[in-house]
Amino acid sequence: MANSSLNRKFDQIKKREEEKTFSTNKRSRIVNKFLNNRLAVIGLIIFTIIVLASIFAPILSPYDPMRVDLRSMRQPPSFDHWFGTDSTGRDVFARVLYGGRVSIFIGLGSAILSAVVGIAVGCYAGYKGGWIDVIALRVSEIFMSFPQIILVLLLVSITGQSLFNLMAIFIVTGWGGMYRLARARMLSLREEEYVQALRSFGLSTFTICYKHMLPNALSPIMVNITLSTAMFILTEAGLSFLGLGVPLNIPTWGNILNVAQDILILQNYWWMWGPVGIVISVFVLCVNFIGDGLRDSTDPSQQG
Amino acid sequence: MTTYIIQRLFIFFPMLLAISFLVYGGLELSPGDAVSHMISPELALSITAEQLEAMREAYGLNKSFLTRYWIWLTSMVQGDMGYSMAGGVAISEIMAKTVPATLELSLVALFFSTIIGCSLGVLSALKRGSATDNSLTVAGMAGVSIPEFFFGLVAILLFAIELQWLPVGGRLLPSYETVWDRIPNIVLPSLVLALMMTAGAMRYARSSMLDVLAREFITTARSKGMPEWRVNLLHGFRVALTPVVVLIGFRLPLLIGGSTIIEQVYQWPGIGNMFIRSVRGSDYPLVMTISLMYVFVVLTASLIIDVLTALIDPRVRLGKE
Amino acid sequence: MLASSVFYSIGGNMKKLYVVIVAVLAHLMFISSASAQPTNSNQLSDPRVRQALCMAIDMKTIGETLFEDQIIMADSLLPNGPYKSPNLPDYSYNPEKARQLLAEANWDSNRELDMVFYYGDQLTTDFMAAIQAYFADVGVKMTYRLLQGDVGAQLNSVPEDGVNGPAAVDYDLGYGARAAIAMQEYYNSFKTGLNPQTPGDPKMDALIEKINSSADPEVLKPYFFEIQEYQMEKANICPLYYQKLFIYESDKVSRNGEMYGNDQYNYDWKIENWKVDGGVLQTNTGPIEFFEQPWYNLGIWIHSKVVFDRLLVADGGLVPTGCSACESYDLAPDGMSLTFKLRDGLTWHDGDDFTVEDVAWSIRTAIKAPRIHSVVVNTVNSIKGAEAFKNGSTDDVAGIKYSIADRTITLEMATLDPNILTTFSQFAILPKHKLGDVDPNQLQQSDFWQMPVGSGPFKVTEVKMNDFAKLVPFDNYHGGKAGFDIIAYPSFDGDGNLIKNAAAGKMDYGFTKNVADVAALDAMANMSTKAVDIPYTRMMWIMQYPKP
């Protein structure tokens, strides 16, 4: 009981503090700095456009991405089919939009989930220390002692190919980095005076850890999420090239781009791979710009 | 310092052991075994259950999981990597053929990416904020944003098929006698691979150059009236590039794993190529050896980094990891 | 699994009897009900549903578009030719009829059929998407997935009860192919207890016995008509198309008048007489880690075809025509004994004599070794005493008699094998002096396969595994010495490297079944392709057993 009233009190203090910090220039300097980074802003705009286009795909394209029409296969771009049609007469524009849904879901979803797992474990273990910390550290070391693509390949062959498995694998291989980051942050914050103070008031570990310490580690976490998103989207494409990605019946950017393996298509039917190749590259580039912008605006040691 | 290294080593081998057990167990859980992959589906109906059983027995696959792991582990410890299941080739022999191929590709790519990355990074830093700086940053980022297989295929289409300047792939030909004959084959794969690495080197070189340029001794040199280019060349580069080169050296493990897809695109007979084949064929002994080799390289590299960082920066102490 | 072994073991008589009784009982039950009815809880056991599925797919349009007009429509398992029945039911595209049959059968439109396949290429995925669309058009839902892991077990596991099921595998439909060098191969797997999808049926068993009863094509022909008509009326499978094989050659190669044929196997192509400009023939199917032994994939790999020799040769359609390593051969009129006399002065590439002892050793090893082509397995297992030798009760095969001095070897058969000559036109003889002490179960594991020694027109001289293998003409080949070397790269039909390599002038000869490759090759000025009809039927399997 006493604890919960204490909790509320600190929540109020924290709220006031946050409101205050918003009005002073600490946060806004970060935002300003981000907005001043022209590349990051352009990246954010294009990123938003692509995400929205994928979400509102049914409005943007009248075609069903799975609708086969054999008699109109491999048609060049036209007014009817903006990006032309593929080998089974499906509309490439619709496929790129719907494929974006899956690819972005895989990329962003896996990045966020692996961040959640990594942070949850990292904060807790980092703050608590002891055997939990030792075990978590060793487990993360095991996952991090493989080159990423090798571990993914190994796990895909063990679990088999499916959308769900792929995301699970991305999370399993991706949480380690975030865990270490969060843990290191916690270790240094743990010794800070305000945390010591909170502890002396008898707040629970959980509360101190997630409510009061975590927000101070948020910016590097954001950077990490964006960079992981970019990496996962590229890995998905690479896996589909190796025939180990999302099953081919689900349109993803990687699966659509995979037709470029056929040199005949590469040479003669540019619209089957060109647009999707550009969209993947531009999307990943934008995500990288955003990540870069975030890093520069939040990390005072990285200037320029 | 010595205690630190000993302590790291104390973790090193149990880690390898745990990983080997996990990988072996994972492979055990995966559907199908080496025998099932030797039978093509088209001809599967013609093989009887007894024949399959006899094959499993001959390959020792019907022993219990722990027994097989123990046999594998004990022979591995004695330096015997065993034999590939598909063709009974000694794994040491396979490694002796594929590891040099991958190293060759990776080192050349590393060389290219370091040269390109560092010079562009330094250029960027010197022209900080200019259009050159910005466009170099964008170009570097673009390099890591294009799916590498796609980039590789387009490069093949352009340089090998349309222009016919370079071979489409492969590493050796019967007519190749000297190292010079082999150069055309390595140009495309290593450049494409290098491009993937350039952005990182460039970013690092740029920021470390900026760092150095702000330091006192540069200001001093400048104030002594030394021409700008000499300041940059003699003092700036040397100091800025040392950490960059060290860093890039440690990226080698990444490069070994990172060449997997490029090896596939360019029919390069390296370790990545072999790894994919063995994973697809459930060739356990081969998968085990190759994965452990990767793990060994990564762990060793991180051990060296730890030790070096500890040597350079005395603030890093044990227990404060 | 149990049932599949019955026909191979002498000790399985009791089980065989049991299976037959169960089959007869089931058959009586089947006859007592109306013929167009499901036979179990699975609606796919209703022939009307299966017929409807076959009629729902517009193979003609698919052939003209996806397959670039490079396939032959199929109406039964057997390829077009002398054995093709003239009275087959018509299952060509007819969506109205399909809808009507499905309505009659009360098809549950909520059921989603699960289609499996095992080719990882883009074309197959596109083909699946097309079939999915055609099925949707008649009101049948279908999803498709690529099999992974133990494909053989997931595809071909046979139910323990070969009549009533339940199924040992969990799919509803399967897409795949059957390649055969003997027509019987198409049907033998439909025997009761051997088929993963189709329940056993005494009439089918009787028909299968008939098509295996003679070596005389004229005797067999009416039986083949009968079995084809019977199977197609029941629509136990949907034949989709006949695959052609495409042989491609660069303008540096001329066959010099020698024949073209089924390049997946061995035939009388007389490669030693070909002319190759520049003296080097570049091809694919080179070794990766090792050379594959030539008794399973009989002629897929270039080394299987040119490094080893066979006793007999066949024509391009794989019909045996005469001698290769033999000087003469004699098949008894009843087909129960076969004698070969070897040519004089044959040697292996390393100079050792090639004798009938090598032949006898090869046959003995093939009896025991796993991973042998089914036609070869049938032949060697039909030899007198093979069974006893296989299970270890004798050290020798009673039916193999030879004399090194006379260069003759005689095989006495326990049961008739209609394809015995086909076998010996495909079965490579391996050198006993090199492989004699190998465990047959680990045949492929021998060091020999790093640099094999054969007796064919080319010998292996240089191998850089996973880079290339170099084969040079063998001086002492009985057909004469070839005038060019062969360089084989480790790339395959369908791995995507073929077109890249051909475009860069790194490919002079090879074969493919991928029509996308053909279109690309035809577009190259220096390459030409030639289509060859082969017995290779692509079909859709339909699971009739109840779900496991």
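In this predicted model, 25 residues of chain C are in contact with 18 residues of chain A. Chain C also touches chain B, through a contact that takes 47 residues from chain C and 41 residues from chain B. The points below describe each contact and then chain A itself.

- On the side of chain C that touches chain A, two or more residues come from each of helix H4 (59-64), helix H6 (122-137), strand E3 (141-146), H17 and helix H18 (515-522) of chain C.
- H6(C) provides the largest share of this side, seven residues.
- By residue type, the side of chain C that touches chain A consists of 14 nonpolar, eight polar and three charged residues.

**Contact between chains C and B**

- The contact draws 47 residues from chain C and 41 residues from chain B.
- The elements of chain C that each supply at least two residues to the side touching chain B include helix H1 (2-6), strand E4 (173-179), helix H13 (374-381) and helix H17 (497-503).
- The largest share of this side, five residues, belongs to H7(C).
- The residues of chain C on the side that touches chain B comprise 18 nonpolar, 19 polar and ten charged ones.

**Chain A**

- The secondary structure of chain A consists of 14 helices and zero strands.
- Of its 304 residues, 49% count as buried.
- Among the contacts in chain A with a separation of 6 or more, 70% join residues 24 or more positions apart.
- Taken along the principal axes, the C-alpha atoms of chain A fill a box of roughly 75 × 45 × 40 Å.

Technical notes. Residues are numbered from 1 along each chain as its sequence is written. Chains are lettered from A and ligands numbered from 1 in the order in which they are written. This is a predicted model: local features need pLDDT of at least 70, side-chain atom pairs count only at pLDDT 80 or more; totals for chains, interfaces and linings use all residues. Two residues are in contact if their C-beta atoms, placed from the backbone, lie within 7 Å. Helices (H or I, at least four residues) and strands (E, at least two) are DSSP runs, numbered from the N terminus. Ala, Val, Leu, Ile, Met, Phe, Trp, Tyr, Cys and Pro count as nonpolar, Asp, Glu, Lys and Arg as charged, and the others, Gly among them, as polar. A residue is buried if 20 or more other C-beta atoms lie within 10 Å of its own, exposed if 12 or fewer, and partly exposed in between; C-beta atoms are placed from the backbone.
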